[in-house]
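Here is a short report on a protein model. Look over the sequence and the structure, then read on.

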Amino acid sequence: MTNMTDESKASRTLTALTELYGTSLEPATSAELDRGLDALLARVASGRARRPKLIRWSLVGATVALSTLFALKVTSVVHRRTQALEPIALTYRIDGGSVLEGGYLRESGHAGINVFFNEGSKLALTPGTRGRLRAVDKEGALVNLEHGTASFQVTPNHSRRWLVDVGPFLVTVKGTVFTVSWDPLREQFELRLRQGHVVVSGPVSAGEIALRTGQHLIVNLATTATVITEDNPEQEGDSVTAPEQQAVSAPRLQPPSEVDNPVGPRRVPASVPRTAKTADLRPWSDELARGHWDRILEDVERIGVESALSKASSKDLFALADAARYRRRPDLARAALLAERQRFPESPRSLDALFLLGRTEESREGGAAPALGWYDEYLAHAGAGALVGEALGRKMILTDKLQGPAQARPIAEDYLRRFPKGSYAGSARALIRAH
Amino acid sequence: MVLRMAKRILGSQSEAEDVAQEVFYRVFRKAKLLREPDSLRSFVYACAVRELKTELRRRKLRAWLRFDKPEVLACLGSRTLDVESRDLLRRFHGLLERLAARDRLVFVLRRMESMTVEEIAASMEMSESTVKRSMAHASSRLSHWIAADPGLAGLLDGARWGND
């Protein structure tokens, strides 16, 4: 009986995880699609096949190397099994603070917090930094850095994996020494690697970035700037003990207009040399297609929000709303969409704006209920509109979240009836099965 | 469609982009052989599935040659999800990684891409009964691994799905 319950729970968990995994995917941005198309066109134009040299080398070299590799593999497996027989649980000691429920680190003084692990690894949080030990076990550790700067010295160990969650970024560590910081206000991520290698994944243009010893990575989400530089030895020595100085020296790596601005594109000084079209609105829809979201937002800052909202065309208002959403400025996105509704009530975009208002509200904390209202309004007016499937799917998800699966079930059934192969069909089936 | 499917199966933005580019390159090269325009969608799907299968095998081979476990990170929802949800995704992606290439493809195509058994069978060039067997095998193994992972069960206990 217990086994049945366990199996049922595991099965429901699998359904839930599948739903989460399936629906969490962020759609490709127009910039990503453009980049892909450019790469494809370039490849078609050159007419080259993929990795021909690699394949040729593999065919020749693989035969020769196979026996050696096999022997090495056997050695590696034996070595790994030997290690597996001696798992050492990771424990730690804290200086300068304590651990609260949920793994949050609380500073007791003003000198920062040091965490020493039994296998030799060390984590140091600078004063005022907020961090969290989310998991510490024999397989490694998962540390969450909410804001501030932390230095890591991770002892190399093949069987352990350290993960550092830094804002929207994830740093995967094997054995290394590095300092990482995250400033949520400026949306700036910074990592200075002194030894070893790490992989950084998150909202960066390349998807993942592998760093090697001596490299310094700065990603500013507000300005979409990603810079990797090589550190010189003098700087390394200083920055280990004084991470505050890194924050001061870091901006020299990027143009002043991009990094020195403390709040990114939200405050563009009047002296910024963008004089070409100060009076006119540039075609924002074109800028959006090129992925230049910040230029659109800079234009708005320069001419004023009110002016932009009252002068922009229907198409450009939509582009502004998209740029604001991508840059996580829901207030501006909402204002643009409402302006679209007010100024162009007969436009087909006016109807689509209802759906996008729902999406915008969803990105705000506590915005689920108003989002549901926008989706309802869209569905009431859209008829067979292009976004009906999406709106119905979002309505189902939000209803489930706010009112429970009993209320969401009829919507799921309606969705499956109308869109049996839609992008929310999997979620709808999961919801029906689970309830 | 292709990029989304590749991201779900590989869990890596950069690898998914590579695969998508390869798929469309092949589609472009072979489009002239397509006699019925209506079959373009299934043709693209078949190309994508073939390339993904190759990529999964290639990844397995690379892991074998490198003597360590591949570090593939699920980069799904990295900007929109909270820490707990991203943690869940990472763990679940880790379980998907443990499935055989064929089972993993069938599972993702059926449960996330909502493809029918017939469509999967056509895309993967196998019989429908093999698809069904593969799906059952993948679900059973994943459920078993989830049940054996107290961390996953614990994480879900507080979520809406875990409530009875």
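Accessible areas are found by the Shrake-Rupley method with a 1.4 Å probe, and for residues only the protein chains shown count as cover. This is a predicted model, in which local features need pLDDT of at least 70, side-chain atom pairs count only at pLDDT 80 or more, and totals for chains, interfaces and linings use all residues. Residues are numbered from 1 along each chain as its sequence is written.

Helices are DSSP runs of H or I with at least four residues, strands are runs of E with at least two, and both are numbered from the N terminus. Buried means under 20% relative accessible area (1.4 Å probe, protein chains only). Contact means heavy atoms within 4.5 Å.

| Feature of chain B | Value |
|---|---|
| Secondary structure | 8 helices and 0 strands |
| Buried residues | 52% of the 164 residues |
| Accessible surface | about 7900 Å², 52% of it from carbon and sulfur atoms |
| Contacts between residues at least 6 apart in sequence | 63% join residues at least 24 apart |

Now take helix 7 of chain B, residues 128–147. Its 20 residues reach 28 Å from first C-alpha to last, close to the 28 Å expected at 1.5 Å a residue. The expected span is 1.5 Å times one less than the number of residues. Buried residues of helix 7 of chain B include V131(B), M135(B), A138(B), L142(B) and W145(B).

Helix 12 (residues 348–362) of chain A packs against helix 14 (residues 388–403) of chain A at about 35 degrees, with the axes 10 Å apart. F355(A), R359(A) and E362(A) of helix 12 meet E390(A), A391(A), R394(A) and L398(A) of helix 14.

Technical notes. Chains are lettered from A and ligands numbered from 1 in the order in which they are written. Side-chain values use heavy atoms; hydrogens and water are left out. Axes are lines fitted to C-alpha atoms, for helices over the stretch in contact, and angles run from 0 to 180 degrees between N-to-C directions. Buried means under 20% relative accessible area, exposed over 50%, partly exposed in between (1.4 Å probe, protein chains only).
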